[in-house]
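Dear colleague,

I am handing over the structure below, and the notes that follow it set out what was found. Please read them with the model open beside you.

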Amino acid sequence: MSLAVDEIRSQFPALARTINGHPAIYFDGPGGTQVPQRVIDRMNDYLVNHNANIHGSFATTRETDQMLHDARVTFADFFGCDWDEVAFGHNATTINFKLSQALLRDLQPGDEIIITDIDHETNRGPWLLLKERGLVVNSIRLDPDTLTLDQEDYRAQLSPKTKVVALNYASNAVGTITDVRDMIRQAHAVGAVTVVDAVHYALHGAIDVRTLDTDYLFCSAYKFFGPHVGILYARKSALDKLRTLRVAPQDPEPPYKFETGTLNHEGIAGAAEAVEFIAEIGRTWGDDRDAALVPYTGRRKAVVAGMRAIDAYEQPLARYFREQLRLIDGLRLYGPHEGVPCTSTIAFTLEGISPADIAHQLSEKGIFVWDGHFFATRLIECLGLTGSGGLLRIGLAPYNTRTEIDRTLAEINALAPSRPH
Ligand SMILES: Cc1ncc(COP(=O)(O)O)c(C=O)c1O
């Protein structure tokens with residue numbers, strides 16, 4: 001049964017908003033999705049009824065300990081791992097800075113790190129910084145025609161000197177999904193540690209860290225219906241060894257050893273509820289005959305089914321959107337070739353009008369889209385778009401509709417240099 005968008009929409013209070021009399025259209029999902037009422041209620045409930053610091057002896061502190069543990073168990077079902085492999089943090093960027101600085105403690109000048117040209121700066125900047133400590137950092141080339149990573153270039157860079165490979169699961173700028181599983185296998189073959197940025201992927205596909213076999217993977221709950229909290233999966237055997245940055249009284253065991261100071265308790269409660277929201281989508285609209293669900297049970301199965309239902313809803317809409325955009329004179333789409341795995345994120349430029357101007361014009365009609373580089377600055381540079389304002393990006397979420405797409409197409413058509421064929 002395909003996802004009933006009206007039922008999904010009714011759970012998101014933000015969708016009631018109007019701008020200049022137009023119902024707001026939230027196509028800004030890759031920058032952060034809207035939040036269902038149940039997530040808001042869960043955060044309120046924490047703050048009203050359970051708000052305290054951890055490890056005390058009174059009711060609210062014990063409830064907070066329990067809530068944090070339950071949230072780890074919930075995210076274990078999101079990643080397909082054990083609860084003690086889930087650590088919380090401020091956001092993906094802060095998590096990766098902490099991870100890279102911790103790994104640095106066991107690296108030597110001359111050791112090599114591989115990053116990619118397709119990544120958001122979150123998974124480039126923290127590694128590039130290590131150059132000042134004598135580390136060698138090389139970036140895998142992006143093929144500007146296919147918008148995929150050059151696998152030959154990757155193979156040529158890998159060597160026993162490679163200590164860390166930092167990869168991107170899905171591009172937040174152009175939607176390309178990278179076959180990180182195979183790249184992780186190659187990295188492990190030379191003894192390197194792997195780090196995957198799944199921030200953009202997490203809204204569009206089910207994550208299975210055991211199948212990927214990565215050492216680390218991070219994402220951010222605000223990209224999938226939650227509040228602003230970052231989450232790290234860390235393989236137990238890897239985190240056991242990692243010399244994390246922490247103060248002496250802090251618990252030295254995984255996963256706590258990665259966390260610093262007091263966590264965002266209400267945010268973590270809300271993030272866990274966002275996973276429950278996805279699981280509910282799976283229970284309601286998941287496809288029972290889907291062979292991909294066979295290995296899973298319980299809430300993990302519901303989460304995977306939910307992500308697959310979201311993807312099955314978004315992909316035909318994205319295809320339709322791209323097909324219609326292709327008909328517009330002067331519009332150039334930026335994405336991988338047909339058939340290459342891609343999220344429902346659409347990027348383009350339009351002749352004669354800058355991405356910023358398009359975003360501004362659409363915003364007047366209540367249509368929220370992002371323009372620019374989205375922190376994927378290296379990718380924008382590879383496409384030669386740095387000086388011209390980057391890309392216009394439209395991201396689909398499961399609360400978006402065909403009517404919203406048609407309304408947006410009409411507005412983009414009106415901005416185009418001439419009418420469609
Ligand atoms: C692919 C990707 N990585 C990293 C980030 C940064 O995440 P955070 O804001 O949680 O640091 C983003 C945010 O847009 C992203 O899309």
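How many salt bridges does the rule find across the interface of domain 1 and domain 2? The rule finds four there, a salt bridge being a side-chain nitrogen of Lys or Arg within 4 Å of a carboxyl oxygen of Asp or Glu. Before the details, please note that this is a predicted model, in which local features need pLDDT of at least 70 and side-chain atom pairs count only at pLDDT 80 or more, while totals for chains, interfaces and linings use all residues. Residues are numbered from 1 along each chain as its sequence is written, and side-chain values use heavy atoms, with hydrogens and water left out.

The two domains

The domain assignment gives domain 1 as 5–35 + 299–415 and domain 2 as 40–276, with bounds that come from an automatic or database domain assignment. Their centres, taken over C-alpha atoms, are separated by 26 Å, and the contact (heavy atoms within 4.5 Å) takes 40 residues from domain 1 and 42 residues from domain 2. Between them the domains bury about 3400 Å², of which 61% is on carbon and sulfur atoms; buried area is the accessible area (1.4 Å probe) that two parts lose on being put together, summed over both.

Arg300 forms a salt bridge with Asp208, with the closest N and O atoms 3.7 Å apart. Across the interface of domain 1 and domain 2 the rule also finds 22 residue pairs in polar contact, both residues being at pLDDT 80 or more; a polar contact is a pair of N or O atoms within 3.5 Å, where within protein one must be able to donate a hydrogen and the other to accept it, and residues adjacent in sequence count only if both atoms are side-chain atoms. On the side of domain 1 that touches domain 2, the elements giving two or more residues are α11, β14, α13 (377–382) and β17, and the largest share, eight residues, comes from α11. Helices (H or I, at least four residues) and strands (E, at least two) are DSSP runs, numbered from the N terminus.

The four-stranded sheet

Four strands form an open sheet in the order β13-β14-β17-β16, with antiparallel pairing, where two strands pair if DSSP finds at least two bridges between them. Because β13 (331–334) and β16 (370–372) stand at the edges with a single partner strand each, one side of each is left without a neighbour in the sheet. Neighbouring strands of this sheet are turned by 30° against each other on average, direction ignored; axes are lines fitted to C-alpha atoms, for helices over the stretch in contact, and angles run from 0 to 180 degrees between N-to-C directions. Three bridges join β16 to the antiparallel strand β17 (residues 391–395), and Leu392 in β17 is the bridge partner of Asp371. Helix α11 (residues 298–326) packs on the sheet, touching β13, β14 (345–350) and β17, and its direction makes about 10° with that of β14.

The seven-stranded sheet

An open sheet of seven strands has the order β4-β12-β11-β10-β9-β5-β6, with mixed pairing, and its edge strands, β4 (86–89) and β6 (136–140), each pair on one side only. Four bridges join β4 to β12 (residues 230–234), the two running antiparallel, and Val86 stands opposite Tyr233 in β12.

Two backbone details

A cis peptide bond joins Pro254 and Pro255, with omega about 0°. Asp213 has a positive phi of about 65° although it is not a glycine.

Best regards
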